[in-house]
Amino acid sequence: MITPGLAELIFSAASMTRWNDHARPAQFTELAKQAHKMAIAWVIARCEEDQGKDLNWVSLVEGGLFEFFQRVVLTDIKPPVFHRMMDKHGKRLNGWVLEKTAAALEPAAGGFFNRFRIYLEEPDFSCREKRILEASHYLATLWEFRMIYSQNSTLWGIEETRREIEGQVEKHIDLSGVREIMMRRDMPDKGLYAFIDLCGQLRFQVRWAQIPRVPASSVLGHLLMVAALSYFTALEMDACPGRRRNDFFGGLFHDLPEVLTRDIISPVKRSVGGLEELIKEYESESMETRLLPLLPESWREEIRYLTGDEFSNRARDPVTGNIIAGLTPSEMNSRYNRDDCDPVDGSVIDACDKLAAMAEAAFSIRFGVRPPALEQGRENIYESYKDCVIGPVDFGKLFSSFLDQDPLT
């Protein structure tokens with residue numbers, strides 16, 4: 001069961017500031033950092049597959065979520081102290097993490113919380129996927145560090161921090177994706193580095209543009225919340241592994257075109273007849289000419305598939321490979337819930353996208369920052385989705401919980 005407390009746990013990372021003892025050109029939050037990490041993990045994992053290496057995509061996604069929830073609880077600890085404490089008191093710290101997250105995560109379907117416990121307690125569990133996630137963590141940290149270095153170059157200890165981060169990245173250079181990213185970062189043809197750089201730029205785009213809100217979360221942070229909620233919904237529907245993977249990365253990448261157009265709010269899109277279609281056409285054209293050329297050609301179809309018609313339920317004919325769009329949730333469950341059909345629940349991603357937006361508005365209102373436009377936006381979302389039920393998930397009930405001003409449960 002998905003509870004409002006789960007959404008609260010995820011969104012709490014939007015208030016967790018990174019590098020808060022350094023001068024920063026922009027706000028760096030834990031929510032956006034973890035989203036960037038998962039985008040980089042997708043790149044490294046695809047590179048590993050291209051090298052003929054097997055990996056478990058569900059384990060990669062769940063490992064990313066497990067590490068995210070661990071950091072939500074422990075993020076106030078500086079990294080060197082965190083790693084030292086984990087070496088000496090890891091079992092006790094992880095026990096505390098499990099205790100703090102149990103109320104939100106134990107109700108999740110499919111034994112998620114039990115796998116979380118195993119992931120934290122058994123070092124050899126999902127070891128290949130853990131290594132990809134570790135490399136992705138340090139690459140996302142290095143991306144942040146390169147942004148702040150010039151403003152902190154005279155700060156005591158900054159060179160030690162640089163050596164530590166670069167040294168950790170170097171430990172993972174045997175992964176082909178890490179080699180490719182590091183090799184390209186200082187070249188004119190940046191390739192995969194430019195792709196993760198563009199993903200990172202979504203950290204600077206603030207959601208609910210022009211409307212005061214606390215915390216002022218980013219587009220990239222919002223995407224992780226959508227991806228996580230979509231994944232938990234897929235668990236509730238007993239989705240096949242490929243469908244779970246697609247629902248997560250479909251949620252994570254569904255607003256990727258906005259790095260080329262910025263986050264254009266819905267009232268603006270709908271204010272002029274045909275404007276929304278024009279924006280969609282421009283996004284598609286920009287994806288083809290500016291973003292997709294940064295990726296190997298064999299990867300581009302996956303990104304097109306995940307972003308092109310993002311809110312439509314779709315699958316592939318297992319014989320011809322043709323895309324079958326506009327499927328109902330019942331058709332997805334009864335006919336296409338198989339890996340060879342490559343299913344993705346666009347309606348789930350849509351509902352989770354709006355649920356995340358509802359949470360963003362509700363938290364700000366709860367914290368006392370409640371401009372009329374924000375309250376009206378929350379009401380509009382609720383009216384549109386109050387009767388939404390997808391499979392076993394009553395989204396209407398979840399949406400209604402964010403109308404309450406009391407703390408979420």
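Contacts between residues 24 or more positions apart make up 70% of those in the protein with a separation of 6 or more. Keep in mind that this is a predicted model. In secondary-structure terms, you're looking at 19 helices and 4 strands. The radius of gyration comes out at 21 Å, close to the 22 Å that the globule rule gives for 409 residues, so the protein is as compact as a globular protein of that length.

**Overall dimensions and burial**
- Taken along the principal axes, the box filled by the C-alpha atoms is roughly 55 × 50 × 45 Å.
- Buried residues account for 56% of the 409 in the protein.

**Surface and charge**
- The protein has an accessible surface of about 18,000 Å².
- Carbon and sulfur atoms own 51% of that accessible surface.
- On the charge side, there are 49 positive and 62 negative charges in the protein.

**A look at helix α17**
- Helix α17 covers residues 346-366, which is 21 residues.
- α17 is mostly covered, with 20 of its 21 residues buried.
- After α17 comes G368, and its phi is positive, near 100°.

How values were computed. Residues numbered from 1 in each chain as written. Predicted model: local features only at pLDDT ≥ 70, side-chain atom pairs only at ≥ 80, totals over all residues. Heavy atoms only, no water. Helix = DSSP H or I, 4+ residues; strand = E, 2+ residues; numbered from the N terminus. Expected span 1.5 Å × (residues − 1). Buried < 20%, exposed > 50% of the residue type's maximum accessible area, 1.4 Å probe, protein only. Rg over C-alpha atoms; globule rule 2.2 N^0.38 Å. Contact = heavy atoms within 4.5 Å. Areas by Shrake-Rupley, 256 points an atom, 1.4 Å probe, with all protein chains shown as cover. Lys, Arg positive; Asp, Glu negative; His and termini not counted. Charge placed at Lys NZ, Arg CZ, Asp CG, Glu CD.
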